[in-house]
Amino acid sequence: MWLIALSVPLLPAIVMVSGHYRGKVASLCHRALAWALRLVRRGACVKSTHAFVFSNCTHGKVDSVLETFDLYAETHRSLCIGPQIGEVLDEVVRRVCPLLVLELGMHCGYSSVRLLRLLPPRGRLVTVELDPITADLGEEIILVAGFKHSQFQVLAHSSAEAIPTLHSFLESDQGTGDGINLVLMDHDPQQYLPDLLALEREELLCPSGCTVLLIKRNQRAENLRGILDHIRGRRADLIESTVMLSAALSP
Ligand SMILES: *[C@@H]1O[C@H](CO)[C@@H](O)[C@H](O)[C@H]1NC(C)=O
C-alpha cells in the first residue's frame, strides 16, 4: 500500500513543473499509476488468497493446502501457477530429484508447497520474493502445509540482491554442497536472463547439470528472447510449451 502513498503525492508536482512536456509527462504519469495499481492489486490478490487458504484448508495437510488454492482459483483471479502447470512442475521435480531448489518469485507460496512436497528427505528450497508482505504470507502458508524451517528459507529481497548471498546455503549444508539442481523462475521476466547469468557467474548451479524452469505468464515474446538465445547457446535440452519452458543445462 505504501506505493500509492508514495507515487500519488509526486504526480501533481511533476505535472506542475513541466507544463510544456505535457504529453510526455501525462504518459509517464499514466504508466506510473498503472504500475502502482498493478502492484496494489497484486498485494490485494495475495492477501485474499492467503486468507482463503489459511482459513479453509486443513492445517498440516499439504494436499488440502493445494486443493484449497485450486478451489480459490476457480472463482477468483489468482497469481498461482495452478494445477495444470503444477503437474508439469511435479514431473520435472520427480525426474530431477533435486537436493537444492531455487525459486525466484514466490507469490502466494503455492509452487513452493508443490516443490517441497516432492523433495527428497535432505532436499531444501530457497525461495526469493521481492515484496516483504507477500514473503511473510507465503512463508506462513508453507508452515501451515506442515514444512519446517530446516527444509526451506524465504529471502525477502530482489533476485539480484539474493543471488550473491546464496553461497552460504551451499557451504552450510553438506548435503547440498554441489550446487543448485533446479531453478524455477516466476518473477519479473526482464530479470530471467540477468539472473541466470549471475547464477552461472557465481558458480551456484550444480556442475553436473541443472534444470531451469521458466514460467511464461502473459509476457511479450521479446522479453524471453534473450534467455532463450542464451540457453540455446549452451546447447541445453530445451522443452518449450505455451506456459513453461524447461531447460536442462549440462556441464
Ligand atoms: C472460506 O471458504 C468459504 C466457502 O468457499 C468462503 O465463503 C470464505 O470466504 C472463505 N474464507 C475466507 C477467509 O476467504
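A: Let's start at Leu155, which sits in strand E3 (residues 152–155). Strands here are DSSP runs of E with at least two residues, helices are runs of H or I with at least four, and both are numbered from the N terminus. Keep in mind that this is a predicted model: local features need pLDDT of at least 70 and side-chain atom pairs count only at pLDDT 80 or more, while totals for chains, interfaces and linings use all residues. Residues are numbered from 1 along each chain as its sequence is written.

So, is Leu155 buried or exposed? Leu155 is buried, because 22 other C-beta atoms lie within 10 Å. The rule is that 20 or more other C-beta atoms within 10 Å of a residue's own make it buried, 12 or fewer make it exposed, and anything in between is partly exposed, with C-beta atoms placed from the backbone.

Who are the neighbours? Leaving out residues up to four places away in sequence, Leu155 touches Val126, Val128 and Ala162. Touching means being in contact: the two C-beta atoms, placed from the backbone, lie within 7 Å. Leu155 and Glu129 are 26 residues apart in sequence, yet their C-alpha atoms are 6.3 Å apart in space.

Now for how E2 connects to E3. The two strands run parallel and are joined by four bridges, with Leu125 standing opposite Phe152 in E3. For two strands to pair, DSSP has to find at least two bridges between them. To get from E2 to E3, the chain passes through helix H6 (residues 132–144) in a right-handed β-α-β crossover. Right-handed means that, with the strands pointing away from you, the path from the first strand over the helix to the second runs clockwise.

E2 has another partner too: it pairs with strand E1 (residues 100–104) in the parallel sense over five bridges. There, Leu100 stands opposite Arg124. E1, helix H5 (residues 110–116) and E2 also form a right-handed β-α-β unit.
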